[in-house]
Amino acid sequence: MYMIDSLWKMSRYGCIPILMVLAGRQILRRYPKEYSYYLWLLAFGRLLLPVFIEKPFGVCPLRYMGKAGDTDRTGVLAVLYLAGVCAVSGYFLAEYVRTRRRLLPAVREMKNIWRCENISSAFVAGLIRPRIVLPYGLEGTERWYVILHEKMHIRRGDPWMCILGTVTLCMHWWNPLVWYAVYKMYEDMEMSCDEAVMKECASAERIVYADILLKLSAEKNICSGIGFGESHTERRIRNLLDKKKKISVWFLLLLYLAVNLCVRISFTVPKAVEERDCRTMDGDCRICYLLNLDGMKGLGHSALLLIDENGSGSVLSYNGMQYGLAECLAGRKGIGKMMVYSLEPQEVETLLRTGDLETDGHGECDNFDRMLYRWVSRIQYEQIMDAAKIYVDAGDRYEELYAAAARAEEAKRPEAEGRMEDYLRQDLPRYQIYTHNCDTVARELLALVDEEIRRYNAQEQKLTPKGNYKNMCACVSDQWGIVRLGRDTLVEQALDASECFTVLW
């Protein structure tokens, strides 16, 4: 099972450099193709090397290992995967055997150049001692250019790249993006080889070379190997005749930064989070940090659940009230509203099991997905409730003044609005979506009774609730329990994955 899981991760993370290289090919289309060609090494490296650097954050969603004894895969997956590997490997092996049989009557012409009557176009065969195999009838200028092209393949180590591509296809046969990537790699390989040959020839020879390429490509080579006139002929001729941009220092610097970012992202995985219970019980009450991945229009929403010694609970959810979402995103400060939902013991058990909380229209609290919790004493429980009352009273008082101003008669409305403005000039807790939001308040309340959260708030806090949850999972001790509530929807998985672009580095 470990092998299947590792290969699945390698293939999943391998899609990242593949997509980045495909995008880079479009940006580099006016530059020499050797840059696009060698960028494929990033994708092959990720697809073939079982190396993962664990960080608190990664591109794919946070991994949950589950409790001891849980299994996420079955033996059926292993059987299906191995059957696919055998089928694809068998196909390539059969092609290799067929090519070897076709080359049995080949005769040496000179050094590593051979002639064979069973082939229609030239190609390179072998790795350790590669041979250039030419068909009979290839003479004169055509022969000279073909040999030059095949020697360039050997000099650059292209046969080894072909082997990398074949091994990659065998290992990741089920991933269509890998097949497309290998196809594009072969295309870049031939184009860059053409360019390398032309560097050693006069500029006037480009037309002659293109004519030979067009002529030989009319007959497709049926043998496996690196052939002069194989495929991509139209693109190769157009690429030969296009004028390439000159390489500048800025180009190399940007290319280096892009490669560096690609390596960091594709080889970095989120540190596995194991669901666990609290190590110690420091009291009869519990405090729970709840996260809703798709709350607040996908920004994420966090809240607190306080459970007393009788099993009853209170959910504390803080939100902006004075302004709408657009004004909040613009950074405006306003009075927030601390919603308090009282739960019976049975409702608490349902919430802890499924993450569901019926809140009559407050969608950010309807479906929680993650939870951190620990045990606290009754005194600590009351300490958090008293601190939350400040937010509750501020929101309730503002709501009363706002309602009074809205109901006031026209003549008395200025007076009512004046009382509201006077209240806003007081030193009140203010909601600000970037600096003092639902997550900030939740963590500030937790910090009142927990030193680890207090240190985290002072040093490592992130912008979003999702980012802070992931970071806290990696930072807190086993005095905190970690629980996954319910099952993630596809939307929640996508939102969890997208968090890397904000908090990875």
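**Salt bridges across the whole model.** Searching the whole structure turns up 26 salt bridges, a salt bridge being a side-chain nitrogen of Lys or Arg within 4 Å of a carboxyl oxygen of Asp or Glu. Side chains of opposite charge can pair when their charged atoms come close. Keep in mind that this is a predicted model, where local features need pLDDT of at least 70, side-chain atom pairs count only at pLDDT 80 or more, and totals for chains, interfaces and linings use all residues. Residues are numbered from 1 along each chain as its sequence is written, and side-chain values use heavy atoms, with hydrogens and water left out.

**Close-up 1: Arg 115 pairs with Glu 109.** In this salt bridge the closest N and O atoms sit 2.6 Å apart. Arg 115 is buried, at 4% relative accessibility, while Glu 109 is partly exposed at 33%. Here buried means under 20% relative accessible area, exposed means over 50%, and partly exposed is in between (1.4 Å probe, protein chains only).

**Close-up 2: Arg 378 reaches Glu 309.** The closest N and O atoms of this salt bridge are 2.7 Å apart. Arg 378 belongs to helix 12 (residues 378-407) and Glu 309 to the loop between strand 9 (301-307) and strand 10 (313-320), so the pair ties together parts that are 69 residues apart in sequence. Helices (H or I, at least four residues) and strands (E, at least two) are DSSP runs, numbered from the N terminus. Arg 378 is partly exposed at 34%, and Glu 309 is partly exposed too, at 39%.

**Close-up 3: Asp 393 and Lys 389 within helix 12.** These two side chains meet in a salt bridge, 3.0 Å from N to O. Both residues lie in helix 12, 4 residues apart, or about one turn of the helix. Asp 393 is partly exposed at 38%, and Lys 389 is partly exposed at 47%. Elsewhere, salt bridges with shared partners link Arg 25, Lys 184, Glu 187, Asp 188 and Arg 235 into one network.

**Close-up 4: helix 5 against helix 6.** Helix 5 (residues 158-171) packs on helix 6 (residues 176-199) at about 170°, their axes 10 Å apart. Axes are lines fitted to C-alpha atoms, for helices over the stretch in contact, and angles run from 0 to 180 degrees between N-to-C directions. That makes the two helices roughly antiparallel, the word for angles over 145 degrees.

Conventions. Angles under 35 degrees count as roughly parallel, over 145 as roughly antiparallel, 65 to 115 as roughly perpendicular and the rest as oblique.
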